[in-house]
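These are my notebook entries on a single chain, written down in the order in which I looked things up.

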Amino acid sequence: MESDYRQRKNTKGKINAFSLLFILSFSLAFSREPQYGLKFNSNGYEPEMRTSLDLSPNSFFSFHEGFSMDFDVKIDLKEIHSYGYIFRIIDKNENNVDLLLGNKDIISFSFSIDNAVFNRTFDEIKLSPGQWLHVQLLIGIKDEELEIRIGTATQKWKLPEIKNFREVAIVFGKNNYPRTMVIDVPDMTVKDIKISNRTAAQYYWKLSKYVPGGVYDEIKKHFAKCDNPNWILTQNTTWKKESTFTCDGNPYIAYDSDKNTVAVSDKHYFYTFSLSDRQLKKQPIHRGLSYTQYANQMIYNPVDSNYYVYNLLKEEDGREFAMFNRSTGDWEETTAHDHYSDYWHHNRYFSAKNNRLYLFGGYGHIKYKKDAYIYDVSTDCWSKKILKGDSIEPRYLSGLGAISETKLLLFGGYGSKSGNQELFPQHYYDAYIIDTETMESKKLWVLETPEKNFVVSNSLVVDTANNCFYALCFPFTKFNTEIMLYKFSLTKPKYEMLADTILLGFKDVGSYVDLYFDRANNKLIAVTSSSVSVGGIATLSIYSLSYPPLNKADLYQPVKLENCGLRTIIISALICLISLSAMFFYGKRKRKQPAGQTVQNDSPANSEADTETISGITAIKSVRKQAIFLFGGFRVIDRESNDLSAEFKPLLKSLFLLILLNTIKNGKGISFVKLKEILWFDMNEESANNNRGVALSKIRKILENVGEVQFSKQDSYWSVEFGNEIYCDYYEALVLIHKIRDSKSTNTDDIKRLLSIVSEGEFLPNIQIEWIDAFKSEFSDKLVDLFMKLIHQKEILFSDATYIDIANALFIHDPLNEDALKLKCSVLVKMGKNGLAKNAYTTFVKEYAAWFGINYKYSFGEVIG
């Protein structure tokens, strides 16, 4: 142990150099703008799912003297079949100019004019991973010249035939023009497309923010249609799951900022997950800790690049600090004890400047703590400190982050003034700055108690450049909890909610949530751990989110469609597999039924009066038997109108929905590998297979009196087929969305029918499971996009009642939709129902403030104006 102490003491000389690096990284890390661009679905996708960007969806561009086109492109070199079209330019005589990625990742430029074909390869362009390549094409009608510049390479032709390209269509990726169609698309990302004439830029598609179905240019608001887009900016609003695995309960977790690695240690293994190459490594621990792991007590020391655990016991029992030897798989020797932790969910910070570990707060044995401890690595000495200045009341589940080398930020938590759990515990929403040199605390501000209480992640990410900090916030009073990312101001009690949610089974001391910043990749990293019982099996998940995080509203261009003067269809098909799914869902042979049959056979939507009299929507659940309903809640109805929902226990319900929803989505169902990963991750394949068989038998038994249901397995995929007599509201809603969206004329009966279905309520509102979020989000996006198109189109006007129905449906599936608010309030005022309009506005404003922590920026008069 003495040699270990000397080794730690000798690291002191490294601290000064590290401190300089720390200061520089703090000042520069948060200065970047969001990355943007359009990533194309390439040859690895089915042809109908590949990406197309048509800059001229309605009419050809007209450039009588010629034009130039500039853009940046990045090629993903990992794609096996990389061949494909970067762009194709077509004239009215169906001549074309192409830029392609050929075999062996060689870029080539070709043109076909009046049956003359020419091709030039650019062998001198050597592509490298992550490289942006600037491309410029010049078509000179007057000079009869064609020129292409790719990086530093240039090729120029004297070409009289180029005069045909006065009027052109320009398409990137997949091209759907009938006579010049191409489906080969390379794995590429494109941004900053600019078209100019001889004097100035005419069009500029940044490809950052977008609108449903496409994107407008920044100069003339010219609409470009995009099929199957992958907008890079969405990476700033959507958490990406990097890895999920199981380990022993209550694992120790730490983040190595040097190597961008999350480390996890349990009783038997030391795991490391690299955020750079997404590789999970598992190292056996030969000599473990001599005590049971409880509260997370592991840190990474950037001074000597080692992981340490600390043993924070009761004061009379002493404390320890032990290093993990990655070469031998041994922890340093520790003292055995059987004490249950007194410091669950405490906060910790390791200072590279002075080689010290700082600890704050925690909970144990029905006591909340306000203790502050310091461990000096150089002297191997523990000390307890009383914070001076503004008093911080005892708490746990608070967050701690570094403002600078000597200033820490502490925010939030749950505790009580006395420290006793039984005496008036409460949530805290106060923020403090703690000076680690003087151990003095100063209160920054206190947030007004929000409508929905929350606690925060163990670590905060502080962005001093933008005067804010980030925390993962969640209610800890329920097991199935939703974690949200909050952005707080450093200077005043103000916050906003960003990105989407992370689902977690939270069980107090059996769970853990943390937040880190990956400086190398400019991403936030969320780590969650959940143990059903203390010491049991834990599920650990790692997520990433591009920085800076954004709200979903930040993704969309601020274009007012009614002022654009454009008659374009802004909603494009994201998924074109509905008809294929029908073949599997409603039977493959004689059991097949037309997609519209259910609509024709059902009762009229206006058969009953609505209580508000201004809405013509009637519930459909009361008029159907043998049905599966997913809107407003999960319900299964048999031939005698009995509700069988209660017979679907959680596992049976999850298995049934996994097979059902995936069958509708892709026509082939879900693989057993995926089923095992979601439902039986802690079992071997044989046990999981047996459990799957038993569960399916129970589901078949439940559905016997509903109608003809057949579960089948093909190529390891499980799917379900229903007889014609069984109705599913979710399936019909998708068919109607597909039909309305793609129809050249507006069928009001179809719209009313769709409204009658989706007005029943949210899609599976009471099922909060991580895997189902993708289905909820996808359906909500499709429905909202369709309704937005309908309320902004000019070809047909709906009745006031229908407009109200559309607004109400939008609120169900997108509660903070501002267009729905404006539509509903303005129509109600027009109808003379001023009180209802004001009530709708007041309800929206309260919900907005509860979610975002700020007041809604538009007054009632501005909304209806």
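Predicted model: local features only at pLDDT ≥ 70, side-chain atom pairs only at ≥ 80, totals over all residues.

Strand 25 (residues 319–325) pairs with strand 26 in the antiparallel sense over 2 bridges, where strands (E, at least two residues) and helices (H or I, at least four residues) are DSSP runs numbered from the N terminus, and two strands pair if DSSP finds at least two bridges between them. The open sheet has 4 strands in the order 23-24-25-26, with antiparallel pairing. Strand 23 (298–301) and strand 26 (330–331) each have a single partner strand and stand at the edges, so one side of each is left without a neighbour in the sheet.

Residues are numbered from 1 along each chain as its sequence is written, and side-chain values use heavy atoms, with hydrogens and water left out.

I recorded 14 helices and 50 strands for the chain. Of its 865 residues, 55% count as buried, where buried means under 20% relative accessible area, exposed over 50%, and partly exposed in between (1.4 Å probe, protein chains only). The chain exposes about 38,000 Å², of which carbon and sulfur atoms supply 49%; these areas come from the Shrake-Rupley method with a 1.4 Å probe, and for residues only the protein chains shown count as cover. Among contacts (heavy atoms within 4.5 Å) with a separation of 6 or more, 61% are between residues 24 or more positions apart.

I first looked up Ser511, which lies in strand 42 (residues 511–518) and is buried, with a relative accessible area of 4%. A polar atom of the Ser511 side chain lies 2.8 Å from the backbone nitrogen of Lys507, and the backbone oxygen of Gly505 lies 3.5 Å from a polar atom of that side chain. I take a polar contact as a pair of N or O atoms within 3.5 Å; within protein, one must be able to donate a hydrogen and the other to accept it, and residues adjacent in sequence count only if both atoms are side-chain atoms. Leaving aside neighbours within four places in sequence, Ser511 is in contact with His345, Gly505, Phe506, Ser529, Ser530 and Ser531.

I then turned to Ser457, in the loop between strand 37 (455–456) and strand 38 (461–463). Ser457 counts as buried at 0% relative accessibility, and a polar atom of its side chain lies 2.9 Å from the backbone oxygen of Ser459. Not counting residues up to four places away in sequence, Ser457 touches several residues, among them Ser398, Ala471, Phe474, Val513 and Asp514.

I listed the buried residues as Asp750, Ile751, Arg753, Leu754, Leu755, Ser756, Ile757 and Val758. At the start of helix 9, a side-chain oxygen of Asn747 comes within 2.9 Å of the backbone nitrogen of Asp749.

Side chains of opposite charge can pair when their charged atoms come close. I found 25 salt bridges in the structure, each defined as a side-chain nitrogen of Lys or Arg within 4 Å of a carboxyl oxygen of Asp or Glu.

Lys353 forms one with Glu437, the closest N and O atoms being 3.1 Å apart. Lys353 lies in the loop between strand 27 (347–351) and strand 28 (356–364) and Glu437 in the loop between strand 35 (426–435) and strand 36 (440–446), so the pair ties together parts that are 84 residues apart in sequence. I noted Lys353 as partly exposed at 34% relative accessibility, and Glu437 as exposed at 54%.

Asp430 forms a salt bridge with Arg395, with the closest N and O atoms 2.8 Å apart. This pair links distant parts of the chain, Asp430 in strand 35 and Arg395 in strand 32 (residues 395–396), 35 residues apart. Both Asp430 and Arg395 are buried.

Last, I noted that Glu65, Asp143 and Arg198 are linked in a network of salt bridges.
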